[in-house]
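Reader: I have a structure open and would like to go through it. Can we start with the cavities?

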Amino acid sequence: MATINSLSPELFEQIFEYVAADSDKFKYLQLSSTSEIFDTCSTIHPMLLVNKSFYASAQRIHDRHKHLIIREESGDGDTQKTLQFMSELLHDPPKTEILKAIRDLTITCELYWRRREVGPGEPGEPVNGSTYEKYIEEMVTLVSKIPKLRNLTFKGDHPIPLSLLRVLEKHQPQCNLHIREWHRKSADMDHNDPAEIALAQSPNLRTITVELWDDGSTGLDLRKYALKRIVLLSPNLESVDIKEGALGCLLRSYSPHERAQMDELGAQFTTGKPSQNNIKSLTSRGGDHIKMLEDVTNMRKLESLDIGWIPNFAFFCPLTSRPRFENLKHLAVEMGHWYDPGTLLPETYLRDFLAVCSPLESLKITDQRGRVDLSVILDTHRHSLRKLHLHESEPKHSDESPDRHFLSLEGIREVRRRCPQLEEFTVDMERVPKQGQTREILEELARFEKLEKPTLYFPLDLVNFASPSDTPKAPSLLGFRNQVPANHVPAEPFNRKYTSSWLENIYSLLLHQRRVNHLPPFKEVRIKLGEWERQPPMGLPCDWECLEGRHKRCFVLKQYERDDSMDKIEIRILRLENIYEEKSVKEESEIRQIVNLEP
């Protein structure tokens, strides 16, 4: 009789590939535009501990994602670990097998004190230029030796080295290059930098994210012109993500002479033969980047658009009734903070665009405040929508209107009836102080046939949280009961202010109702407490920003995967380390299902 140990190493590796690909712990868990977490080891690590056969195959999957960190500080611990790791891969024969396993490589090059966490001690002295260049060359040599590199992500506050771009083009022609936090050597640098020209012409470049912050400096800012050249010349660029704003209260204003001078210098960036490529995805925050880029790429080819600011009424349909974005499949719009309530609003033009554009697969509108009719969305896109997120942000101050135009229970029912293919759906919870409303919404969500990943947004109650009150505060967010009686359901089972088992109750009710409706359980349920869509502050944070950053959580719940523990719920709890950091901290726990769910 054949045993599992008799399987070939190739078959083992293929099995582990499916295990890794199917596990959400192995993928990017995108919480919002400002927060993501990536876990590469927890799924495969147990496979390494079974026996030698498992270890040999699982090790290749385990080593697929590596991160190299090089900082310009003498004695930096992360840099020393990276240098030792690179030396072992290049010179230690037993370690060279890891090179064959690496598929995704992240490289961070930065000044340590600019990213330094708050804590005791002063930053060390910077290393000299020749030492830093030696580090870079060793890293470039390592990249050239990886035989099957698929993705390289370069980030930090340094421009990508010219030597690395040349190695990618020569030795890694199939590798996709992703630039995060693109930097120039200086904002006023001219158009002749060889590394910047090589980046613009790189066949490897696929995605780029840019942060154009105004720090009040006195020099001419040519960053936008340099970015336009990259979009114009890049033969394979697919996605551009731009954030623009000011650091604190410092704003740089230019005289007419300086603006003319910038335009003259900027014209020199657009020399060269344009590529025939057009970007497919654009994320824009803080500026009219559509106008900035529309003369270097065809916006009618865009498939995904995520914008945080609509500059004018003709944004979607300029001058003619022909839509500006003809191939759009994914649209996300943040509204509500950039318009004057007393004027004609861009929402009317957004409604007109939604009525005539091609059917969308995903739509996200934040803070539209009831000005985009649900019927407009459903009439045109009901058969194509796979993801629908309509969210109203929680009020920050007591003088804000409590009427946030969230999606009502009747609206949820209409979405269920008219969007049969919906797979992801966001619902604002606890926005109406009505007894039993939460339960009715949960029962309605459980009736969606194709729904896989519902997201429930609960307010953090910032207004009352920040004000003194005689009412008791909510229990600890992480203070789950170790033993919850199976037949216990409190009077307010879904309200965290009255019970610490609110998460168990929510998921258990959803699971019970899915069974009642003869539908499979949800793949996962996300419960967001507090706003995860807000951008982190660039200046000193307000009191409410600090409060929200410390207390907001994202709970990811799913049924326990082990057959002998089906009564358990696996929960991952994500929170921000601090309100400036984009990464999240993950905690794992188990909670019991509630059996008695009858109303």
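This is a predicted model: local features need pLDDT of at least 70, side-chain atom pairs count only at pLDDT 80 or more; totals for chains, interfaces and linings use all residues.

Author: In it, strand E6 (176–182) and helix H7 (194–200) each supply at least two residues of the lining of the largest cavity.

Reader: Which element gives the most to that lining?

Author: H7 does, with three residues.

Reader: And what volume does the largest cavity have?

Author: About 80 Å³. The count of cavities of 30 Å³ or more comes to four.

Reader: Which residues line the largest one?

Author: Among them are Pro159, Ile160, Trp182, His183, Arg184, Asp193 and Leu199. By class, the lining has seven nonpolar, four charged and one polar.

Reader: Changing topic: where is Met86 found?

Author: Met86 is in helix H3, which covers residues 77–91.

Reader: Is Met86 buried or exposed?

Author: Buried, because its relative accessible area is 0% and the cut-off for buried is under 20%.

Reader: What is Met86 in contact with, leaving aside neighbours within four places in sequence?

Author: Leu68, Tyr135, Glu138, Met139 and Leu142.

Reader: How far apart in space are Met86 and Thr96?

Author: They are 9.9 Å apart, C-alpha to C-alpha, and 10 residues apart in sequence.

Reader: Now the whole chain. How many helices and strands are there?

Author: The protein chain has 17 helices and 19 strands. Of its 599 residues, 48% count as buried.

Definitions and conventions: Residues are numbered from 1 along each chain as its sequence is written. Side-chain values use heavy atoms; hydrogens and water are left out. Helices (H or I, at least four residues) and strands (E, at least two) are DSSP runs, numbered from the N terminus. Buried means under 20% relative accessible area, exposed over 50%, partly exposed in between (1.4 Å probe, protein chains only). Contact means heavy atoms within 4.5 Å. On a 1 Å grid over the protein atoms alone, a cavity is a set of points where a 1.4 Å probe fits but cannot get out, and a pocket is an open set with protein on both sides within 12 Å along at least five of seven lines; lining residues have an atom within 4 Å of a point. Grid points are joined across faces, edges and corners, and a volume is the space filled by probe spheres set on the points. Ala, Val, Leu, Ile, Met, Phe, Trp, Tyr, Cys and Pro count as nonpolar, Asp, Glu, Lys and Arg as charged, and the others, Gly among them, as polar.
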